[in-house]
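Please open the model in your viewer and keep the sequence panel beside it, so that each selection can be followed in both places. The tour takes one chain and then the other.

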Amino acid sequence: MTDHRIPVTEDELHAYVDNELPAERRGDVEAWLAAHPDDAGRVQSWRAMADALHARYDSVADEPVPKRLEIERLVRQPRKWIYGAIAATLVAFIAGGGVGWVARGVAASPSAFQNLTVDALDAHRLYVVEVRHPVEVPGNERAHLQQWLTKRCGWDVRAPELDATGLKLVGGRLLPGPTGPASFLMYESASGERFTLYTSRAKTKSAQMRYTAAENSGAMYWSEDGVGYVLSGPTDKDRLNQVARLVYDQTEKTGG
Amino acid sequence: MIPALRRYARALARDSDVADDLVQDTLVRALRSERLFLGGDVRSWLYTILTNLNKNRRRSLARRPQFMPLLDNNPDASGTEAEGRDIARALATLVEEQRAVLLLVMLEGLSYREVADIQGVPIGTVMSRLARARAHVKASLEGERPALRRVK
């Protein structure tokens with residue numbers, strides 16, 4: 001039973017709107033708001049304010065990033081300060097998570113999902129060229145890798161078995177995603193061809209598989225149960241599709 | 001991350017060139033620093049750099065006469081323009097710390113804890129700044145809207 005006798009404070013109203021309120025108190029606040037129209041009005045006005053801010057400023061995040069802010073350009077200049085894998089990690093942090101602007105409670109537009117794909121492709125391009133440090137946890141520690149990523153990401157992260165397509169798990173790492181962590185898994189064929197699977201929370205419930213390509217890399221992306229998947233690899237669409245199907249079939253099985 | 005930083009900078013600094021300068025300085029500083037590799041949350045850390053750079057910028061501006069941009073450049077094409085200008089104008093009337101808190105929480109979706117770390121203050125201070133900022137913006141929006149309607 002909720003105890004309506006404990007009055008709701010001003011701080012709690014703010015915390016309620018900002019999703020900072022402990023879950024067990026939310027019911028009390030909702031009951032309070034139903035009984036106190038003035039407070040309900042204020043809460044509503046704060047929500048409208050957030051909508052107005054997003055309506056005004058989200059378009060900035062949709063603009064193409066000006067040339068002078070391109071990460072490749074900035075990295076090229078201060079090269080002497082950064083080295084190899086460390087630089088790659090940092091750059092991935094900054095280049096990645098590009099859809100951080102998808103606010104809580106605001107449904108992702110199609111372009112938001114496409115931005116997630118762009119981030120995944122950026123991470124793909126950065127890490128597939130790494131010889132010594134492509135991953136944080138190697139593929140021979142598969143169980144540990146899955147456990148760790150699942151714990152950090154908050155959904156069931158399974159490294160799919162892609163042996164049927166000639167791909168072996170190299171390993172994985174954790175990256176910052178749009179609204180939280182992202183898992184990043186790398187696979188390699190005997191000929192050295194590399195594929196990566198990037199997953200992160202996506203606001204779109206489900207989206208069918210699509211293909212995109214940029215700068216010698218291609219990607220198949222889709223979402224399932226609020227998780228976005230991006231499989232990146234060489235631009236060979238048929239090959240990508242073959243691997244993506246295999247990934248899809250396995251996530252469906254484990255997810256369901 | 002860059003689109004989100006640009007959005008925050010634009011809302012914080014209003015002028016789009018100034019905003020992108022802030023983002024560029026933030027990125028260059030981040031790339032040159034090694035503090036990052038000791039761990040911690042990169043996203044918060046980038047917002048911290050940008051927030052501090054803007055504070056420094058305003059401090060140096062304060063010694064000179066203040067110029068306010070006449071037009072809010074780049075009005076949003078999708079939302080209604082009048083509303084976009086309203087909220088931008090309301091933001092401009094906030095004191096720096098309150099504006100940063102409001103934007104970090106409401107626009108960028110950061111937690112109170114993260115904002116407290118960014119500003120180097122206790123969570124209670126973040127909450128009181130947020131409450132004051134919301135009350136101020138609400139009053140400012142309600143004060144302006146009727147006037148705009150009359151113009152129409």
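Begin by selecting chain A, where, among contacts between residues at least 6 apart in sequence, 56% join residues at least 24 apart; two residues are in contact if their C-beta atoms, placed from the backbone, lie within 7 Å. This is a predicted model, in which local features need pLDDT of at least 70 and side-chain atom pairs count only at pLDDT 80 or more, while totals for chains, interfaces and linings use all residues. Residues are numbered from 1 along each chain as its sequence is written, and chains are lettered from A and ligands numbered from 1 in the order in which they are written.

With chain A still selected, colour by secondary structure and look for eight helices and seven strands; helices (H or I, at least four residues) and strands (E, at least two) are DSSP runs, numbered from the N terminus. Of the 256 residues in chain A, 42% are buried, where a residue is buried if 20 or more other C-beta atoms lie within 10 Å of its own, exposed if 12 or fewer, and partly exposed in between, with C-beta atoms placed from the backbone.

Next, select strand β2 of chain A, residues 167-176, in which eight of the 10 residues are buried, so the strand is largely enclosed by the rest of the structure.

Now move to chain B, which has seven helices and zero strands. Of its 152 residues, 39% are buried, and among the contacts in chain B with a separation of 6 or more, residues 24 or more positions apart account for 63%.

Finally, select helix α1 of chain B, residues 2-13, whose 12 residues should span 16 Å at 1.5 Å a residue, and whose end C-alpha atoms are 16 Å apart, which agrees; the expected span is 1.5 Å times one less than the number of residues. How many residues of α1(B) are buried? The count is 12 of 12, and the helix is mostly covered; among them are B:I2, B:L5 and B:Y8. Just after α1(B), stop at B:R14, which takes a positive phi of about 70 degrees.
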